[in-house]
Amino acid sequence: MTTEPLLEVKNLKVHFTKKKMFKEPTVVHAVDGVSFSIEKGKTLGIVGESGSGKTTTALAVLRLVPITDGEINLSGEKISHMEKDELRLARRHFQMIFQDPYSSLDPRCRVGDIVREPLDLMDIGDPDQRDQKVKDLFEQVGLRPELTNLFPHQFSGGQRQRVGLARALATEPDLIVCDEPVSALDVAVQAQILNVMRRLQEKMGLTYLFISHDLGVVQHLCDDVAVMYLGQVVEKADRKTLFTNPKHPYTKALLAAVPRVHANPDVAQRVALTGDPPSPINLPKGCRFAGRCPVALDKCATEPPALKDWGDGHLASCHLLEAN
Amino acid sequence: MSELLSVKDLVVDFRTRAGNARVLNHISLDLQEGEILGIVGESGCGKSMTALSVMGLIPSPPGNITSGSISLEGLELTSLSSRKMRDIRGNVISMIFQEPMTSLNPVFRIGDQIAESVLLHEKVSKKQAWARAVEMLEKVGIPEPAIRAKAYPHELSGGMRQRVMIGLALACKPRVLIADEPTTALDVTVQAQIFDLLRDLQRDTGTAIILITHDMGAVAELADRVAVMYAGHIIESGSTRDILDNPQHPYTKGLIACVPHLEDTPTDERPYLEEIEGVVPPLTELGSGCAFAPRCQYAMDHCRIEVPVIQPITDRHKVACFKVTEGVSA
């Protein structure tokens with residue numbers, strides 16, 4: 001049985017061109033040929049360092065940055081090529097939760113109005129139904145319905161993030177794109193929000209595209225994980241496979257860099273990555289990771305490896321895997 | 001190992017419009033030579049205030065050290081004049097901050113910023129100070145230090161800037177280094193580099209480090225001992241392994257259990273995370289009794305009336321919780 005994926009991204013490219021006077025324009029290859037799909041009710045995590053293009057990928061899926069090339073399909077509809085009104089109406093099916101709960105809520109708006117706004121814009125239900133819907137949404141995310149008349153500054157960070165979640169849920173979307181939704185929160189509050197997100201997913205069959213740099217959180221929440229490096233997916237697998245049997249040297253280094261709380265940290269064994277990722281403007285010719293890779297071959301500097309399936313949908317792009 | 005820094009019964013109050021906020025409530029800490037002490041807790045628990053008190057940087061007004069003592073190798077810091085304190089700060093005790101971009105001056109070359117600190121505290125020529133700056137940059141692993149010393153902060157990546165901050169803090173060979181969330185703004189791979197660097201520097205120079213963090217992983221990786229803070233109190237302290245493997249205070253337990261820790265062999269089962277209900281209360285609204293009682297699932301009537309005092313349960317492991325200490329004495 002093959003299930004139709006809810007979201008399908010094919011060869012997505014987002015390039016930012018910066019024009020310069022008297023000089024060749026520079027091109028930032030923020031996202032450079034990314035493909036993935038998510039089945040309904042599942043969570044795909046995208047991890048990577050800052051500058052790897054994970055946030056740009058999320059914004060492109062939401063059609064918030066211009067797409068250079070590629071295709072995005074949501075429930076069979078090609079949202080990557082929609083224009084204006086058609087896109088505006090389609091937006092009710094994909095919503096977003098932002099990283100910073102302080103700047104993502106309008107300080108002059110009552111939180112009830114913030115959650116209600118999508119309903120007004122999409123013309124869903126009559127005014128009484130909308131009021132009721134806002135109250136229901138507040139209860140679903142664990143806020144008391146009588147709080148709707150307060151302003152964002154009267155809430156704590158965790159409560160604000162719940163408001164953001166309620167707003168995202170208002171139009172009953174199929175897909176919610178979450179860009180680092182818990183990284184600005186205190187650890188105890190982070191657990192509360194992650195639990196709310198999971199309960200809602202189980203109850204409403206939501207699909208999440210979850211962007212994070214926190215591998216612990218991704219391991220906890222996601223069904224599938226894609227690792228990005230410099231605008232490309234270098235490895236993708238289901239959660240269990242990726243964390244027990246990482247294939248790409250970058251994934252291995254990333255996992256090794258996370259401090260462990262319980263296992264005795266064996267510092268000597270850690271493959272420490274040196275340096276920073278190269279600039280996305282002057283991309284290396286071969287494998288983009290070659291310059292920092294502890295096991296790079298001669299071939300890696302000249303020839304980019306292709307993303308290949310190594311069995312059961314475990315994708316990785318590394319010359320070393322082919323050599324073995 | 002001898003005692004380098006000792007904080008005893010420190011009380012710090014902030015006068016605010018909402019009333020008096022006791023940000024540090026009878027804190028006692030000690031730091032041995034060459035030791036790394038971790039201080040953990042959520043935001044608003046007093047971690048950074050502890051650091052600022054030791055640095056003599058409590059904003060006053062509204063802040064004020066009400067009572068207690070901070071002594072550095074027998075020298076009482078709380079009664080020192082601001083001029084004398086300035087000689088100590090950056091020289092004997094120095095600090096690295098969370099956000100390396102905002103703590104470096106954007107209009108000065110990084111070499112000048114390090115040299116400035118050396119010039120202030122030591123009798124050296126400008127040339128010698130610059131040479132020291134280059135040497136420090138080399139020590140913290142910046143490639144081509146002589147060239148990079150002439151760079152401005154915006155020309156460096158976040159990890160590089162944090163290295164510069166560490167170089168700056170260590171330029172005068174301090175005895176105590178306070179690192180306030182040194183890697184929170186950085187990627188994990190860069191974080192690992194900074195941890196390695198701190199560990200190496202501590203081994204080579206014998207500098208004692210106070211590591212302030214909310215990340216139990218960072219503590220596990222670096223610290224020898226840990227103090228857990230909640231609402232201005234130290235509620236548990238002990239060796240890193242005591243605290244992480246055998247936490248006693250319900251707050252410490254919650255703090256460890258609520259974070260999804262990365263596992264090397266994840267199972268198919270994914271239980272919901274344990275939650276600590278609610279948030280840290282505003283310090284102006286602390287009632288009587290244990291500050292954690294309103295969020296504690298084990299709270300007894302006793303907890304709401306009296307504040308538990310931190311008591312040893314083993315040789316070095318101390319806890320401030322009636323449930324734990326009464327169990328021991330009974």
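Which residue of β12(B) is the bridge partner of B:E236? In this predicted model, local features need pLDDT of at least 70 and side-chain atom pairs count only at pLDDT 80 or more, whereas totals for chains, interfaces and linings use all residues. Residues are numbered from 1 along each chain as its sequence is written, and chains are lettered from A and ligands numbered from 1 in the order in which they are written.

The partner of B:E236 is B:V319. Helices (H or I, at least four residues) and strands (E, at least two) are DSSP runs, numbered from the N terminus; two strands pair if DSSP finds at least two bridges between them. Strand β12 (residues 318-319) of chain B pairs with β10(B) in the antiparallel sense over two bridges. Strand β9 (residues 225-230) of chain B is also antiparallel to β10(B), over six bridges, with B:V226 bridged to B:G238. Two residues separate β9(B) and β10(B) in a hairpin, where B:A231 in the turn has a positive phi of about 45°. Six of the seven residues of β10(B) (residues 233-239) are buried, that is, 20 or more other C-beta atoms, placed from the backbone, lie within 10 Å of their own.

Between the chains, 36 residues of chain A are in contact with 37 residues of chain B, contact being C-beta atoms, placed from the backbone, within 7 Å. The largest share of the chain A side, eight residues, comes from α6(A). Buried residues of α6(A) include A:V187, A:I193 and A:M197. Their cover includes α5 (157-169) and α7 of chain A together with α11 (250-257) of chain B. Just after α6(A), A:G205 takes a positive phi of about 65°.

Key: Two residues are in contact if their C-beta atoms, placed from the backbone, lie within 7 Å. A residue is buried if 20 or more other C-beta atoms lie within 10 Å of its own, exposed if 12 or fewer, and partly exposed in between; C-beta atoms are placed from the backbone.
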